[in-house]
Amino acid sequence: MIAWLRTIVFMIVFYSISAPIVLTVPISALFGPRAVIVHSTVWTRFHRWATRWILGIRIRIEGTRPDGAAFYACKHQAMFETLELQALLDGPAIVLKRELADIPAWGWAARRYGAIVVDRDASAKALRNMMREAIAAKATGRSVLIFPEGTRVAPGEHPPLKPGFAGLYRALGMPTVPIACDSGTVWPRKGPKRAGVITFRFGEVVPAGLKREEAEARVHAAMNALDG
């Protein structure tokens, strides 16, 4: 009962305040990418506050985040990490599915933020476009973030990495940092959110230039390290 009450209060507070923040982001987009990043960081820090003080969810960081820009590959179990990592990684360029980028006004603002758009069909043309946008983001000194399994999964599920990961790994030539995340243990797809701790574990850096099979195996294993 307490978990449901916390969840309902969170939804009321978070979404009522998020609505004007999200609806006004196209205004920030008029002033360029940096303004959108600042606008987004305000939103994600509010999300962190709401999850901490309403839901009772705290975060724990394990491992070491390297200095400088990097290519981050994170486990995806809940909406939580899609917002939390924006602040935690200092506004990375995020690989975003086209359905979100096509939302009127918001999608345009997301592109101004520097979102890297990917099609679900993973056609050769779509992958080339994604790599071109990622290389452009790298040229500005930003990190790049991808959820390489392609969708949210429940704890214990380990689907293979989508082809887009290998394409970006090869094209970017950046140190790759896998991130394990266990948000699904307290933030299930259905039902109330539960108080607890969400761990982000930065894995060992995977250097650029490895063969695809080795790079994917190392990243996939590190991303799923918290599943035991």
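**Sheet, covering helix and aromatic cluster of a predicted chain**

Strand E1 runs parallel to strand E7 (residues 196–202), and six bridges join the two. Within this pairing, Ile61 has Phe200 of E7 as its bridge partner. Strands are DSSP runs of E with at least two residues, helices are runs of H or I with at least four, and both are numbered from the N terminus. Two strands count as paired if DSSP finds at least two bridges between them. The model is predicted, so local features need pLDDT of at least 70 and side-chain atom pairs pLDDT 80 or more, whereas totals for chains, interfaces and linings use all residues. Residues are numbered from 1 along each chain as its sequence is written, and side-chain values use heavy atoms, without hydrogens and water.

The sheet is open and has seven strands. Their order is E1-E7-E6-E2-E5-E3-E4, and the pairing is mixed. Strands E1 (57–62) and E4 (116–118) stand at the edges. Each has a single partner strand, so one side of each lacks a neighbour in the sheet. From one strand to the next, the twist averages 25°. Angles run from 0 to 180 degrees between N-to-C directions, with axes fitted to C-alpha atoms, for helices over the stretch in contact.

The chain holds nine helices and seven strands. For 228 residues, a compact globule would have a radius of gyration near 17 Å, and the chain agrees, with 17 Å. The radius is taken over C-alpha atoms, and the globule rule is 2.2 Å times the number of residues to the power 0.38. The C-alpha trace spans about 50 × 45 × 35 Å along its principal axes. Of the 228 residues, 48% are buried. Buried denotes under 20% relative accessible area, exposed over 50%, and partly exposed the range in between (1.4 Å probe, protein chains only). Among contacts between residues at least 6 apart in sequence, 72% join residues at least 24 apart. A contact requires heavy atoms within 4.5 Å.

Helix H8 (residues 163–172) lies across strands E2 (71–74), E3 (93–97), E5 (144–146) and E6 (176–181). Its direction is at about 165° to E2. Seven of the ten residues of H8 are buried, so the rest of the structure largely encloses this helix. The buried residues are Gly164, Phe165, Ala166, Gly167, Leu168, Tyr169 and Leu172. Their cover includes E2, E3, E5 and E6, together with helices H7 (124–139) and H9 (212–223). Just after H8, Gly173 takes a positive phi of about 60°.

Eleven aromatic pairs were found in the whole structure. Rings of Phe, Tyr and Trp (its six-membered ring) pair if their centres lie within 6.5 Å; planes under 30 degrees apart are stacked, over 60 edge-to-face, and the rest tilted. Phe10 and Trp187 form an edge-to-face pair, at 5.7 Å centre to centre and 85° between the planes. Phe10 belongs to helix H1 (residues 2–23) and Trp187 to the loop between E6 and E7, so the pair ties together parts 177 residues apart in sequence. Phe10 is buried at 1% relative accessibility, and Trp187 is buried at 6%.

Phe80 and Phe200 are stacked, at 6.3 Å centre to centre and 20° between the planes. Phe80 lies in helix H4 (residues 79–88) and Phe200 in strand E7, so this pair ties together parts 120 residues apart in sequence. Phe80 is buried at 0% relative accessibility. Phe200 is buried, also at 0%. One aromatic cluster comprises Phe10, Phe14, Tyr15, Trp43, Phe46, Trp49, Phe80, Trp187 and Phe200.
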